[in-house]
Amino acid sequence: MAGKPILHYFNGRGRMECIRWLLAAAGVEFEEKFIENPNDLNKLKNDGSLLFQQVPMVEIDGMKLVQTRAILNYIATKYNLYGKDAKERALIDMYTEGVADLGEMILLLPLCPPNEKDAKVASIKEKSTNRYLPAFEKVLKSHGQDYLVGNKLSRADIQLVELLYYVEELDPSLLANFPLLKALKTRVSNLPTVKKFLQPGSQRKPPMDAKKLEEARKFL
């Protein structure tokens with residue numbers, strides 16, 4: 001029997017957190033080897049573990065996978081969270097790319113210069129409520145089903161719900177006008193595997209502060 005996937009990244013959210021969420025939602029236990037200094041990263045580079053000299057990297061099924069989207073695609077395919085056919089996968093890809101666009105803005109927020117932060121937060125809130133959240137609300141309303149694609153849980157639902165948590169961390173009121181998104185968040189959060197991941201003491205990571213992100217940025 002294959003061992004647990006091993007996740008190589010720093011001890012924070014960053015680009016690995018969506019991978020943690022997807023594995024956890026799939027009910028897959030995983031180990032983490034944290035990169036704590038430049039030597040840890042150099043060791044992975046020097047032994048040939050990082051194809052493009054960067055993390056995240058996940059050891060799974062005898063492979064050392066890099067590139068976040070490639071890792072997510074493999075996990076979603078392996079655990080039946082990637083639709084039943086090419087059309088469903090195309091929709092899932094489209095939705096998760098939208099999630100990634102907004103998620104990237106939030107991810108990079110701690111690196112924003114202090115004098116620009118208020119404007120950046122205002123821009124994220126505006127895009128959340130006028131572009132991204134209405135689009136996902138519209139998808140759910142258009143078919144009236146429990147999940148985004150095929151009325152079945154997929155990586156799109158998991159990644160969207162992860163994003164909704166980040167949006168609420170930014171401003172809890174941003175979801176007020178999106179009842180279907182709030183219902184999806186509750187529905188996915190109550191799945192046993194996700195519920196476990198949301199409990200204190202899990203491998204879910206807290207928000208990054210500027211100091212920790214800056215430390216990680218020095219060698220990632």
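**Backbone, packing and pockets**

Modeller: Glutamine 53 lies in the loop between α2 and β3. Helices here are DSSP runs of H or I with at least four residues, strands are E runs of at least two, and both are numbered from the N terminus.

Biologist: What is the phi of glutamine 53?

Modeller: Near 65°, a positive value in a residue other than glycine. This is a predicted model, where local features need pLDDT of at least 70 and side-chain atom pairs count only at pLDDT 80 or more, while totals for chains, interfaces and linings use all residues. Residues are numbered from 1 along each chain as its sequence is written, and side-chain values use heavy atoms, with hydrogens and water left out.

Biologist: Which residues does the cis peptide bond join?

Modeller: Valine 55 and proline 56, with omega at about 15°. Proline 56 is also in the loop between α2 and β3 (57-60).

Biologist: Pockets next. What volume does the largest pocket have?

Modeller: About 1,300 Å³. A pocket is an open set of points on a 1 Å grid over the protein atoms alone, where a 1.4 Å probe fits, with protein on both sides within 12 Å along at least five of seven lines; lining residues have an atom within 4 Å of a point. Points are joined across faces, edges and corners, and the volume is the space filled by probe spheres set on them.

Biologist: Now packing. At what angle do α1 and α3 pack?

Modeller: About 5°, with their axes 10 Å apart. That makes α1 roughly parallel to α3. Axes are lines fitted to C-alpha atoms, for helices over the stretch in contact, and angles run from 0 to 180 degrees between N-to-C directions. Under 35 degrees counts as roughly parallel, over 145 as roughly antiparallel, 65 to 115 as roughly perpendicular and the rest as oblique.

Biologist: Which residues meet there?

Modeller: Cys18, Ile19, Leu22 and Leu23 in α1 meet Thr68, Ile71, Leu72, Ile75 and Ala76 in α3, where contact means heavy atoms within 4.5 Å. The contact has 8 nonpolar, 1 polar and no charged residues.

Biologist: What about α5 and α7?

Modeller: They pack at about 80°, with axes 8 Å apart, and are therefore roughly perpendicular to each other. Among the residues that meet are Leu133 and Phe136 in α5 and Pro179 and Leu184 in α7.

Biologist: Last one: how many salt bridges?

Modeller: The structure holds 13, each a side-chain nitrogen of Lys or Arg within 4 Å of a carboxyl oxygen of Asp or Glu. One of them joins glutamate 169 and arginine 13, with the closest N and O atoms 2.8 Å apart. Glutamate 169 is in helix α6 and arginine 13 in the loop between β1 (6-9) and α1, so the pair links parts of the chain 156 residues apart.

Key
Ala, Val, Leu, Ile, Met, Phe, Trp, Tyr, Cys and Pro count as nonpolar, Asp, Glu, Lys and Arg as charged, and the others, Gly among them, as polar.
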